Amino acid sequence: MKGTVHGAARRSVDEGWDAMADAELARRIAAARGGDAGGAETELCRRLAPRVRLYGLRHLRDRHAAADLVQQVVLMTLERLRDGRLREAERLGSFVLGMCRMVIMDMRRTQRRRERLLETFPDDVPSADPAAAPRLDHARVEDCLRILPERERSVLVLTFYDDRPARDVATDLGLTEGNVRVIRHRALQRLRRCVEGAGGDA
Amino acid sequence: MTSVQCATPIDSAVLLAWWLGELDGAAADELETHLLECSACARRLEGIVEVGTAIKGCFARGATAAVLSASFVSRLAAAGMRVREYRVPCNGTVQCTLAPDDDLTVAHLQAALGGVERLDVVHLRPGHADERLEDVPFDPRAGEVVVAPHTQALRNSGDHITRMRLIDAGASPRVIGEYEFVHSAWRQA
């Protein structure tokens, strides 16, 4: 990959990359066959990284593991594109999904090995998981959460404390699954409106 | 798909359902493929996840009160959170405090809730207006309502007495029970 992500964002605007489809970027990279693809590699990396990170967070529930996934999947994608191993550029999403799944399976195998090692040598591996830098105004979230109706606040806390599905929250609170989904959706909309400052109340 | 546009944006409720593991099979596959192709939908989901993370942080810091459930509280304790729990019989009194290393304090308000369709909790605090929590979630079979007060506020308060009142707020409103908390600020032994 050439250049930085920050530099890529600027070039993205300068050179009109935003309007270019992923498939076109993939075709340019494949056509360059490892040579200069005119910034297409950097632009594709810029796009894929946050998407793969989300996928990783959803399946691994760990920021560091998700960051590892991004690195591996993005590199593998570029290598395979340069080698011309993607036949249909329009199917880039499925292609990346396949790699995400493969890498995650491999990471889980490694994790199991690591857990076995930890059982044997518990003090040798640091386990700290530092908090991500907050981007939201958390004081504002606190204020908005406080003025939500009680039922909505309960559903949001039970949902997001450890990312539990509606079925589990419903069992906890004596509600129906459908009811939890409705309350959750309404509560999130109300909270986001409040946090974004569209009106003083939640 | 381009960097900024999405021709077939996914509904936020569906994005969240995927995040919480509620989609399976073909629906999950389809959504995952879409998310790996679409920066616009990925960004919207990131926004939702960010709000969820903030909610979690808020609760973990004791910066919000909430009505919970006994099983949720058990999971918190099992995960290592230091939870101070008080079980208060209907119309009973409890001596309570909050230690510096407690992460959360929880009151189990015991009550017969059979037949109750809507429940309000009124919090009566000296020097403050009564606070009425309307239509709180509860499981009538549980025989209790689990309330976590605002831990940070409690930590900063001195000795005081507060009361909570459970009210059947259905067609024929009635007081179900009252619970007294004699709170002592933490004193080193």
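**Entry 1: a helix tucked away**

I started with helix α8 of chain A: six of its eight residues are buried, so α8(A) is largely enclosed by the rest of the structure. Buried here means that 20 or more other C-beta atoms lie within 10 Å of a residue's own, exposed means 12 or fewer, partly exposed is in between, and the C-beta atoms are placed from the backbone. Helices are DSSP runs of H or I with at least four residues, strands are runs of E with at least two, and both are numbered from the N terminus.

Before going on, I noted that this is a predicted model, where local features need pLDDT of at least 70 and side-chain atom pairs count only at pLDDT 80 or more, while totals for chains, interfaces and linings use all residues. Residues are numbered from 1 along each chain as its sequence is written, and chains are lettered from A and ligands numbered from 1 in the order in which they are written.

Which residues of α8(A) are buried? I listed A166(A), D168(A), V169(A), A170(A), D172(A) and L173(A). Their cover includes α7 and α9 of chain A, together with α4 (70-78) of chain B.

**Entry 2: chain A overall**

I looked up nine helices and zero strands in chain A. Of its 202 residues, 37% are buried. Chain A is divided into domain 1 (5-120) and domain 2 (138-195), with bounds from an automatic or database domain assignment. The C-alpha centres of these two domains of chain A lie 33 Å apart.

**Entry 3: where the chains meet**

Ala, Val, Leu, Ile, Met, Phe, Trp, Tyr, Cys and Pro count as nonpolar, Asp, Glu, Lys and Arg as charged, and the others, Gly among them, as polar.

I then picked one helix pair: the axes of α3 (residues 40-60) of chain A and α2 (residues 25-37) of chain B come within 8 Å and cross at roughly 145°. Axes are lines fitted to C-alpha atoms, for helices over the stretch in contact, and angles run from 0 to 180 degrees between N-to-C directions. From α3(A), R51(A), V52(A), L54(A) and Y55(A) meet E32(B), L35(B) and L36(B) of α2(B). That contact has five nonpolar, no polar and two charged residues.

**Entry 4: the core**

The largest nonpolar core has 55 residues, and L191(A), I55(B), L109(B), V145(B) and V147(B) touch the most other members. A core is a set of buried Ala, Val, Leu, Ile, Met, Phe, Trp, Tyr and Cys residues joined through C-beta atoms within 7 Å. Helix α9 (residues 177-195) of chain A gives the most to this core, seven residues.

**Entry 5: a sheet in chain B**

Five strands of chain B form an open, mixed sheet in the order β3-β9-β8-β5-β6; two strands pair if DSSP finds at least two bridges between them. The edge strands of the sheet are β3 (93-96) and β6 (131-133) of chain B. Inside the sheet, β5 (residues 119-124) and β8 (residues 160-168) of chain B pair antiparallel over six bridges. One bridge joins D120(B) to I167(B) in β8(B).

Key:
Contact = placed C-beta atoms within 7 Å.
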